[in-house]
Structures are given as structure tokens and as C-alpha cells.
Amino acid sequence: MAKKKHNRAPLFAFVAVSVLVLAGAGLWIASDLARQARDDAAAAAIVPKLPTGPMLEVHANALEVRYTALDEVRRGADGLVAATVLRVGRSPNVLDNRASMIVRYETIDCANRLLFEGRIGEFDPAGKLTLVTNGFSGKRGRPAAIEDGEVAALCAAALPKRRIVTGAKGAQRETQSMPDAMEKFAEANPEDADAWAWLCAAGARGRWRDQTPADCDHAVSLRPDDPGTRLDRGYLKTSS
């Protein structure tokens, strides 16, 4: 009796399809890894900097105040918004138990209220960059949290009417308690406009010293176009 021949065509077809599927998956993974490597390289080339232009306050709590740099907002045709967010601690070195200020570059998907985190830079009270890391939010981003006030602000039809400050140093003076060594630092650096502006701001907010009026005069002489310092000096003159 002749042996019955088995039809192996379906098996060969299955193997061939499997090979094609695996090859396609391998190419997709390789392509995805290559894209991720390019994205990582592009992110690594970004050195975080403290914003210097106008910034809108977007969130505040007992630990920190968050701002978004208005002149660094970029809106794409795809509905995505690129933003720079500055976190300023209420006291020095309070953010993540080490940073005074943190800059985060992010992309906002307004349609879905999602955030894609990019490069993150940590700064000490003097404004020196101390640590750079990459944010993590996954390929599809992460849902915006309550403290991510920039999402609601930048995705609204019109910007909310909130406090605007000029530059990271201005935000720091408005938000953060002055370091104890600032008096000595300012006196050792008579041309440092930010240090003298901080002494003036501290005096206007209750940290008075006998030299406070002179501190404000000197701060204004160093930077006469700084509206915050001129307001602080004006407040001291009208309240004295």
C-alpha cells in the first residue's frame, strides 16, 4: 500500500509569511531605534538656558511658582505647541532637594492635553547650570497634571490675564527667598545688577536693612530699564 503524501504547501506558506512578518518587525524596530537615537542626539545638543524675556505665571503652590516664556512659544501647523517652562523654588535648593530653578523644554498636544517632555536643566541660586537630564513621558506623551498650568494657558483661545515677570532673575526675585549670602555677594560685586536688584526687592518685601534705599538707587542706576526694580524703589519711597 502506497504511503499517503502530506500536503506541505500550507506549512511552507506559513513559514514564508512568518519570515516576512519577522523581517518587517525587525525593520520597524530598527527604524524606531534609529529615530530614537536621532531624537536623543538632537535633545543632547540642547543646553538649557534661563529665559530672559517676558514670562507668564501659570501655576503656584507652597513649594514653587511656574512660568512659561512667552517669547519662546512655537505653534506648529500640526496643533503642537513647543514651550519653555521655568520652575522657581520658594526657597533656594528646594526643587528636587537640590535645585533653585528648573527649566524644562516640552511639546504640548493641545487637542489631547498631552505633554512630551524634552531637555531639563537644573540651576543653582546664582543661575549656574548644575545638571542636565532628558525628561520622560513616553511615545504618546503623558496627561497634563494640575501643576502643568502652561497647558491650559497656551492651549486657550487667549492667554489668561495673570502676572508677567521679565526673565528668570526677575521671577526668582519675585518668588524666592533671598540667599543669606546675597548682601556680601552684592557688596563684592558692585556692578552685578541682578544682585543689587535682589537686595532692593528683599527690602521692599520686608527684609529691610539701613542701606535698602541706597541698594535700590544703585540697582536702578545699573539697570534703569528694569520696571520691577523701579517699582520696588518707588514703593519704598512712597511708604517711607
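Helices, of at least four residues, and strands, of at least two, are taken here as DSSP runs numbered from the N terminus. On that basis the secondary structure of the chain, which is a predicted model, comes to 7 helices and 9 strands. Of the 240 residues in the chain, 38% are buried, and the accessible surface amounts to about 14100 Å², with 60% of it belonging to carbon and sulfur atoms. Where contacts join residues at least 6 apart in sequence, 53% of them link residues at least 24 apart.

Helix H3, which covers residues 167-175, has 7 of its 9 residues buried and is therefore largely enclosed by the rest of the structure; the buried residues are Gly167, Ala168, Gly170, Ala171, Gln172, Arg173 and Thr175. Leaving aside residues up to four places away in sequence, Thr212 touches Gly203, Arg207 and Leu236.

Most residues other than glycine have a negative phi. Asn97, however, has a positive phi of about 60° although it is not a glycine, and this residue sits in the loop between strand E4 (80-89) and strand E5 (101-109), where its relative accessibility of 72% makes it count as exposed. Arg113 also has a positive phi, near 55°, and is found in the loop between E5 and strand E6 (114-123); with a relative accessible area of 39%, Arg113 is partly exposed.

Methods
Residues are numbered from 1 along each chain as its sequence is written. This is a predicted model: local features need pLDDT of at least 70, side-chain atom pairs count only at pLDDT 80 or more; totals for chains, interfaces and linings use all residues. Side-chain values use heavy atoms; hydrogens and water are left out. Contact means heavy atoms within 4.5 Å. Buried means under 20% relative accessible area, exposed over 50%, partly exposed in between (1.4 Å probe, protein chains only). Accessible areas come from the Shrake-Rupley method with a 1.4 Å probe; for residues, only the protein chains shown count as cover.
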